[in-house]
Amino acid sequence: MVLSRLPAKKEEPCVSFSDTEENIEIIIASNFKEFIDKLSRDSEVNEFELVSESSYSTGQLEREVEKGDDPFLITDSFLYYSVADCNLDWLVSQAIIVMDNPDEFIAPEVMAYTMKKVANSERKMSDRHSLVSLAEKVKDHNSVEVRKYYKRILNYIK
């Protein structure tokens, strides 16, 4: 009887999305099988879409932002709302609260997602006030990664 050794199982790479404009990388799934399992078919348009691990209600996001102790959940919620239909003024108000969070990881990610939403949304006059408040928070923020959004916000306020 001959026993052959199988090579050690290789670790599968994660599936991620790279946003080159914002210079951020988002891990979508820990491996390809998990990614495929998250896909669902939209029968109306016969297209596939990625199903979020969970859809976040506005109340859930507000509670997580207030608690401020789960960076992944907060940033994942903002990622969700950067593409989901929501009130821009409300999302910006949540980003303003996050700017006071001491975790250095959270604010830059939240700003990236918030600015993506701002760029892709039709802005109303009511949104202007919240953007002015966000600009004030961002202008003197301790993170250079957050401060870089100050001039972009001003461009949207004009």
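**Entry 1: M111**

I began with M111, which sits in helix α5. The model is a predicted one, and I read every value below with that in mind. I looked up the burial of M111 and found a relative accessible area of 0%, so M111 is buried. Next I listed its contacts, leaving out neighbours within four places in sequence: M99, L134, V138, V146, Y149 and I153.

**Entry 2: the core around it**

Which residues touch the most other members of the largest nonpolar core? I found F78, M99, M111, L134 and I153, in a core of 34 residues. I then noted which elements supply at least two residues each: β2 (24-29), α2 (58-67), α3 (71-83), α4 (88-98), α5 (106-119), α6 (125-139) and α8 (150-157). Helix α5 gives the largest share, 8 residues.

**Entry 3: the whole chain**

I stepped back to the overall layout. I counted 8 helices and 4 strands, and from the N terminus the order reads β-β-α-β-β-α-α-α-α-α-α-α. Of the 158 residues, 36% are buried. I took the contacts between residues at least 6 apart in sequence and found that 50% of them join residues at least 24 apart. The accessible surface comes to about 10700 Å², and carbon and sulfur atoms account for 51% of that.

**Entry 4: helix α3**

I checked the length of α3 against expectation. Its 13 residues should span 18 Å at 1.5 Å a residue, and the end C-alpha atoms lie 19 Å apart, which agrees. I wrote down its buried residues as I74, T75, D76, S77, F78, Y81 and S82. The cover over them includes α2, α4 and α5.

**Entry 5: aromatic pairs**

I found 2 aromatic pairs in the structure. For Y80 and Y81 the ring centres are 4.9 Å apart and the planes stand at 80°, so I recorded the pair as edge-to-face. Y80 is partly exposed at 24% relative accessible area, whereas Y81 is buried at 5%. The pair of Y81 and W90 is also edge-to-face, with 5.1 Å centre to centre and 75° between the planes. Both Y81 and W90 are buried. I noted that the ring pairs link Y80, Y81 and W90 into a cluster.

**Entry 6: salt bridges**

How many salt bridges does the structure hold? I found 3.

E64 and K67 meet through their side chains at 3.4 Å, N to O. Both lie in helix α2, 3 residues apart, about one turn of the helix. E64 is buried, with a relative accessible area of 13%, while K67 is exposed at 54%.

K137 and D100 form a salt bridge at 2.7 Å, N to O. K137 belongs to helix α6 and D100 to the loop between α4 and α5, so this pair ties together parts 37 residues apart in sequence. I have K137 as partly exposed at 29% and D100 as exposed at 54%.

For E145 and K148, the closest N and O atoms are 3.2 Å apart. E145 is partly exposed, at 42% relative accessible area. K148 also counts as partly exposed, at 43%.

Definitions and conventions. Residues numbered from 1 in each chain as written. Predicted model: local features only at pLDDT ≥ 70, side-chain atom pairs only at ≥ 80, totals over all residues. Heavy atoms only, no water. Core = buried A, V, L, I, M, F, W, Y, C linked by side-chain atoms within 4.5 Å. Buried < 20%, exposed > 50% of the residue type's maximum accessible area, 1.4 Å probe, protein only. Phe/Tyr/Trp six-rings, centres within 6.5 Å; stacked < 30°, edge-to-face > 60°. Expected span 1.5 Å × (residues − 1). Contact = heavy atoms within 4.5 Å. Areas by Shrake-Rupley, 256 points an atom, 1.4 Å probe, with all protein chains shown as cover. Salt bridge = Lys/Arg side-chain N within 4 Å of Asp/Glu carboxyl O.
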